[in-house]
Structure formats: C-alpha cells, structure tokens
Amino acid sequence: MALSIFDLFKVGIGPSSSHTVGPMVAGNRFLAELEERQLFEKIASVRIDLYGSLAMTGEGHATDVAIMIGLGGEAPDSVDPDSVLPTIENIRKKKKIVLAGKYSIDFIEKEHLIFNFGHSLPKHPNGMKIQVSDDAGIVLYQNIYYSVGGGFVLSDAEIDQKGSDTSGVKIPYPFENAKELIELADKNGLTISEMVLENEKIISGQEKLEKGLDQLWAVMDGCIRRGCEQTGILPGGLNIRRRANKLKNDLISKPEAAFKDSLGVMDWVNLFAIAVNEENAAGGRVVTAPTNGAAGVIPAVLAYYDRFVHGSTKEGIRTFLTTSAAIGMLYKKNASISAAEVGCQGEIGVACSMAAGALCAVMGGTNQQIENAAEIGMEHNLGLTCDPIGGLVQVPCIERNTMGAVKAINAARLAMQGDGEHHVPLDSVIETMRQTGVDMQEKYKETSTGGLAVNVVAC
C-alpha cells in the first residue's frame, strides 16, 4: 500500500473534507484538464451537477461555495478562509465566475449549479458532474468526480481502479492490512512508525517528510489556539454559540480546581477538540484527520500528549502522526473514511482508532499493543451514524469529537495495561465496520433525512 502520510493528513478549510475540500479539489482538477485540452478560450458556460449526499447536505457543508472557489483556481491548502465569502458574494452580485482566475464567463448560480436531490451517481454517494459548453451550447468537455472521503477525489474512470496516485511507487515495506503491517514491522525489528517513515522517505523524500510532519502539527496546534480565542455564533442558522473561549477562560481562571478533580485533564481534552471543530464549522483552516468532521480528535489527543504526558517530545509528535497515519491507511484501503458511505463510524470512529494507536505508540506500547488500542478505538464506535442537524457540521459533530478523543485516550490506556494479546484483530474490526456501513440505512449516511436531523427542530 503506497498511500502517503500526506494523503491521510491534508491542510484544508472547513466544514467538510468530503463536501468542501473534495469539491474544491475536483474544481482544481477540472481546470487542469481544461488547460491540458486548451479549451478555456472557447468556453461560454459551465454547469455543475451535485448528486447524493453532496446534494442532500451540500448547502450546509458549503459544497456550492467550495466548487465555485475551486473553479476560480483556489486550492484547499492555500486559500485564505477570510477571502471565501467576499469572492462568493462577488460571483453572485456580478453573475460571473472567473475560471482559473483568468477567464470570466456568465454564471447564474440557480441555473448553473444544480442540487439533484434524491438522485445519486452509481459509484459513490458523493458524486458531481462538471461540464463546459461553447456559445452554441455544444458540450466541449465534461467529467464526473467522486469525493470519497478525507479530501480524496477520484474521477469516474479512476474510482474502479485500486491504489492511489502514489501506488506505482516501490516502497520498502508494502502492506495491505493490519496483519501484514504488524508481521512486517516485527520481522524487521521496527516500530510501526519507523516502517511508515521509511516508506514515506521514498514517496515524499526526507526533507518534505520532516517539514511536512512539523507543519501538520503546527496547523493543528494553531487551529486549537485560534479556536480558543474566537467568540460568537457559528454560521448556518442553528445559532450555535462558540464554547471554546469560555471553556478556556474558566480553566485558566481556576487552576487550583485541577487539584480537586482527578478528571480535570478531560476538560482540557474536550476544549482542544471543541476549539478545532468550531473552527472547522466556521470554515477555518484545519487538517483533515482523516476528515474535517473528525478533525478535532487527533489534534486533541496529540495536544494531550504534548501538554500533559511527561516526557513528550518533538520526535514523539512525529511518531504520533506517522503511527496514526499507518492506521488510517488500513481503513482507507479496506473500508472507508466517508460518512456518506459508512456513517460517522468512518470518520469519528476511524479518527478515534488512529489516535488511540498513536497515543499507545508514544507511551511506549509495542506493535501488538498499538494494534490493540486501534482495535478498541473502533470496536466501540461501530454503527455510529451520521445525521447532522440542518446538514451542518455542528450538532452532534462538535461534541462527538470530544467523545472520540476521550475514548481514544481510554483505549490507549486499556491497551497499555495488557501485554498486546487480544481476541479481536484490527482487520476483523475494520471489515466489520465496512459491513456495518453497507447495512446501514442511507438516511443515516450524511443525508440529514434521519436520526437527530429529523427529530430535533433545526432552528
């Protein structure tokens, strides 16, 4: 499996990796394909059709905004979040979109960006079609893209192919499942982190690897800090008030309370997760870890390690990220990290599993204990549905990240108390998660047509 660490962890903007980052990436890809075919000068109009979950919850997830920004040439890892809404307002006011930032064409949103409610494309719930036409209305080019979770985007031709963009790279330690991962690491006397690092040196190069890992943590930590400073109401209409700033102020104003409450550190973990996911809900810069909806779990547990675990180091932070990435690769390869495909077990559940194994690793766990921690993390998230109220990544999503983070810490501690022997293999849990996702009713897969989304008044 030649997935890169940086395939699992991407810098982007909120509120969703599949519904915001993915469509923006699709827009970028479409522009590159137009450039390759030298079509820009002939284009008179563009049409975007959204299907499945992208249509059902796209407005709440800013899918419409993301695809317009992406077609304008902005990329998820470099766009200024503060520039997004002014750009969209300009498109709507002038009824023009500037493809690739250079080619201005007429664009009336209701006519050229269509939400096909109740209709899905055949290969994945998150489907979109983009096409451009000339003055005579003749289609010059079109393509179908699927946002398959975590910001990954596959074209209609690619989705049937296994592997990734880096699948042709020959790595020293290839693995397809957890059994192979553990056996290969033990055979070569390596930790999971060390083995993945050796693979990544081939995929990305030593310099990009070190800088990239440090940058990921810098963005995560920066997101926590920004989230702790912001106040006000989150966008979208639910009138959800930001809580992180008050939580932080309460914690630092009464430090002596920590001596009276043995679970006080849990409040800090909750704070870290809430801060990240409030930023995500507001369209801020986050790291897909492995998705935006679950973006707070891994940063919260990593911040717990950095701030509360004695002996934490910069090298430990890198070990945490690489170990969690290895676990995430297993889910990406053998199941799914898309809530629209398998429910929230594929987002919060996977993030919890990744964080649990990673924390176990930096606490000195063996490869077997790491696998055990990751297995525990997912086993107790099986069946978790995705039913966001109002189609927004707010309720229950923000608090759900706190639960995933705390559960990950507990899973790591449970695994550390054992000797690594466990009855349920990680591969079995991953396959169970996949099967559960297949069996789950569609209304519980990020459509906002079941569960809390219909049993709680949205506003």
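## Close-up views of a predicted model

View 1. Ile 130 stands opposite Asn 143 in strand E7. E7, residues 139-149, pairs with E6 in the antiparallel sense over seven bridges; two strands are said to pair if DSSP finds at least two bridges between them. Helices (H or I, at least four residues) and strands (E, at least two) are DSSP runs, numbered from the N terminus. The model shown here and in the following views is predicted, and local features need pLDDT of at least 70, side-chain atom pairs count only at pLDDT 80 or more, while totals for chains, interfaces and linings use all residues. Residues are numbered from 1 along each chain as its sequence is written, and side-chain values use heavy atoms, with hydrogens and water left out.

**View 2. The open sheet that contains E6 and E7.** Five strands form this open sheet with mixed pairing, and their order is E5-E2-E6-E7-E8. The edge strands are E5 and E8 (152-155), each of which pairs on one side only. On average, neighbouring strands of the sheet are turned by 20 degrees against each other, direction ignored; the axes used for this are lines fitted to C-alpha atoms, for helices over the stretch in contact, and angles run from 0 to 180 degrees between N-to-C directions.

**View 3. Strand E2 and its two partners.** Strand E2, residues 45-52, is mostly covered, with six of its eight residues buried, where buried means under 20% relative accessible area, exposed means over 50%, and partly exposed lies in between (1.4 Å probe, protein chains only). E2 runs antiparallel to strand E6 (residues 126-133), to which eight bridges join it, and in this pairing Gly 52 stands opposite Asn 126. With strand E5 (residues 113-115), E2 pairs in the parallel sense over three bridges, and here Ile 48 is found opposite Leu 113.

**View 4. The hairpin of E7 and E8.** E7 and E8 run antiparallel and are joined by four bridges, with Tyr 145 standing opposite Ser 155 in E8. Two residues lie between the strands of this hairpin, in which Gly 150 takes a positive phi near 65 degrees.

View 5. The peptide bond from Gly 14 to Pro 15 is cis, with omega near 10 degrees, and Pro 15 has its place in the loop between strand E1 (10-13) and helix H2 (17-36). Val 395 and Pro 396 are also joined by a cis peptide bond, for which omega is about 10 degrees; Pro 396 is found in the loop between helix H17 (367-379) and helix H18 (397-416).

**View 6. Positive phi in two residues other than glycine.** Ala 100, whose phi is near 55 degrees, is placed in the loop between strand E3 (96-99) and strand E4 (103-106). At 26% relative accessibility, Ala 100 counts as partly exposed. Glu 446 has a phi near 60 degrees and lies in the loop between helix H19 (426-439) and helix H20 (452-455); with a relative accessible area of 4%, Glu 446 is buried.

**View 7. The packing of helices H9 and H12.** Helix H9 (residues 206-229) and helix H12 (residues 264-281) pack at an angle of about 85 degrees, with their axes 8 Å apart. H9 and H12 are therefore roughly perpendicular to each other, a term for angles of 65 to 115 degrees, whereas those under 35 count as roughly parallel, those over 145 as roughly antiparallel and the rest as oblique. Among the residues that make the contact are Cys 223 and Ile 224 of H9, together with Leu 271 and Phe 272 of H12, and contact means heavy atoms within 4.5 Å.

**View 8. Glu 278 in helix H12.** Glu 278 has its place in helix H12 and, at 2% relative accessibility, counts as buried. The residues that Glu 278 touches, not counting those up to four places away in sequence, include Gly 227, Arg 241, Arg 242, Arg 243 and Ile 398. Glu 278 and Cys 228 are 50 residues apart along the chain, and their C-alpha atoms are separated by 9.2 Å.
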